[in-house]
Amino acid sequence: MRIAVIARTAYGAKNAFGPIISAIIKEHSLDIPIKVVEENPLSSAAEFKAKGYEPIILYGVSSPLYLELRSEIRRASRLYTVIAGGPHAEGAYWHLLRDGAWAAVVGDGENAIAGLVEALKRGDGPGEAPNVAYREGDKFRVSRIEHINLDDYDPYVESFNLYPPIELMRGCWYRCKFCQVPWLYKARVRYRSLENALRISREYVRAGYTRVRFILPIGFSYLSDGREPNVEAIEELLLGVRRVGGIPFLGSFPSETRPEFINRDVLEAVKKYAGNRRVAVGLQSGSDRLLELVGRGHTVAEAVEKIELVLKVGLQPVVDILFSLPGEEEEDVIQTIRVMEELAGKHVRLRLHTFLPLPGTPFARARPKPVHPLYRRTIRRLLGKGVLEGHWEWQEEIAPKIYCLTALDPKPSPDPEPLPGDIEYCSRL
Ligand code: SF4
C-alpha cells in the first residue's frame, strides 16, 4: 500500500511532531510523503487520495485539545485511517478508539509509529506494532510495550525545519497523583546520553537555532539517581552547549524542578551557563497535609528553603501552585495563601494552576471543585504586585469537561459505563 502521512497540529505546536516524523523518516526513509497541517486535514487527505495514496492522519491530543478536536477526529476516522497519540490517547485510549481511530499510541511514540506504518504497508492489523491500543470486535487490546532508548531517535527533522525542545529524560520516579507522567505506559525513567544531547545541540546551532531548550519531567534531574542532582552532568551539558555556540535553557517552564534537585552548585551552573534566569519550582500547595495526600513526597518547608536559595543565587524562582486539589479543605487553602503571600513579598513569581482530573491518573475520577473564594480574594490582592501568571481560570473552566470525559466513559468496557450520578452532572455542563 502506498501511504501518505498527514500530521494534524494545533496552536502552532507543529514541533511536537518532530520526534514522530523523525522516527518515520528514520525507519521508512523519505519515500513516504508527509505533510504537517494546522487545519482540518480532510482536504489534504483527499488530495493524497486523488494521487493514489492511502492517507493516514495523525493526531496528538492532550485532554483539552481532545475536547476541541473530538468531532473532527470522529469525522476523519469515518473516511481515513486515524492514529491518535498524546496524553489523552495514553490515559484513555478507548475514547479515541470509540471515536473510530484505527490505533491509539499508549507508550513511546517513536517505535509505535514506525511499527504502525510498517503494519499498514503490509496490510497487517495495528496489534503488530508495539505500544498501541486497538479494537478487536467489541474488545480493546494493548499490544506489547517496548521502551525505546532515547538516543536511538533524534527529536528534530531538518527537512521540515522542526526543532523542538530536546527531551533529555522520559518517565519519573515520583508518584504525584495529579500528574500523568508516572502512571502511563512510558513511565520508566530513561535519559538521553550527554554525547547524544550535545550532538543534537550542535545540529540545532548549525541550523540557526542557537537557543537550545531542554525538557525533562523534573528540571534538574538529568542523569541523576532520582534523589539529588547530578551537578557534574548538568555542568557538562550546559558548558557543552556553550562550546558549540548555543545558549542552553534548563529548568524553566515546562520543566519545573522539585526541591530535592535544587542546590547551590546546580543553580550556580545554570546562572553561569544557561540562558534562562527563571527557575520553575513545583510547590503545588502550602499544606503539608495536602502534599502528603497527593503523593508529592516533599514538605512545604523543604520547597520554600530551596525557593529562597534560588533567590539568593540571583535567579528568578517561578513557583507552581495547584488550586482545588482533591481533598483540599479550607485550612489547606489558608495555609497555601499564607505561603503565596510570603513568597510574593519576596518577589517570587507564582504560576497558578487549577487541578485537572487527567485520564490515567489516580485522580481522574475526582470530581473538580470550583476554586475557593479565598484564593480569588488573594489573587485580586496580589495582582498589583505583578508576580502572578498561569492559566488557572481557563483550567477551572475546562476541569469539569475533562472530568466528564472519564466519568461518562471511565474504562475500556464494551459499552461506556458512566460513573453513578454523573450523567446528570455532566449533562448540565
Ligand atoms: S509532578 Fe513532576 S515529580 Fe511529580 S510525578 Fe509528575 S513529573 Fe514526577
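This is a predicted model: local features need pLDDT of at least 70, side-chain atom pairs count only at pLDDT 80 or more; totals for chains, interfaces and linings use all residues.
The model contains an open sheet of 7 strands with mixed pairing, arranged in the order 2-1-3-4-5-6-7. Strand 2 (34–37) and strand 7 (139–142) form the edges, each pairing on one side only. From one strand to the next, the twist averages 25°. Within this sheet, strand 1 (residues 3–8) and strand 3 (residues 54–60) run parallel and are joined by 6 bridges. In this pair of strands, Ile6 stands opposite Ile57 of strand 3. Helix 3 (residues 63–79) packs on the sheet, where it touches strand 3 and strand 4 (81–85). The direction of helix 3 makes about 145° with that of strand 4.

The largest nonpolar core comprises 125 residues. The members that touch the most others are Val82, Ile83, Ala84, Ala101, Ala104, Leu116 and Val132. For Ala104, with residues up to four places away in sequence left out, the contacts are Ala84, Ala89, Tyr93, Leu96, Leu97, Val132 and Ala133. Two of these partners, Ala84 and Val132, are also listed among the core residues that touch the most other members.

The ligand is surrounded by Cys172, Tyr174, Cys176, Cys179, Val181, Pro182, Pro217, Ile218 and Arg258. Sorted by class, this shell consists of 8 nonpolar residues and 1 charged residue, with no polar residues.

Notes
Residues are numbered from 1 along each chain as its sequence is written. A residue is near a molecule or strand if its C-beta atom, placed from the backbone, lies within 6 Å of it. Ala, Val, Leu, Ile, Met, Phe, Trp, Tyr, Cys and Pro count as nonpolar, Asp, Glu, Lys and Arg as charged, and the others, Gly among them, as polar. Two strands pair if DSSP finds at least two bridges between them. Helices (H or I, at least four residues) and strands (E, at least two) are DSSP runs, numbered from the N terminus. Axes are lines fitted to C-alpha atoms, for helices over the stretch in contact, and angles run from 0 to 180 degrees between N-to-C directions. Two residues are in contact if their C-beta atoms, placed from the backbone, lie within 7 Å. A nonpolar core is a set of buried Ala, Val, Leu, Ile, Met, Phe, Trp, Tyr and Cys residues joined through C-beta atoms within 7 Å. A residue is buried if 20 or more other C-beta atoms lie within 10 Å of its own, exposed if 12 or fewer, and partly exposed in between; C-beta atoms are placed from the backbone.
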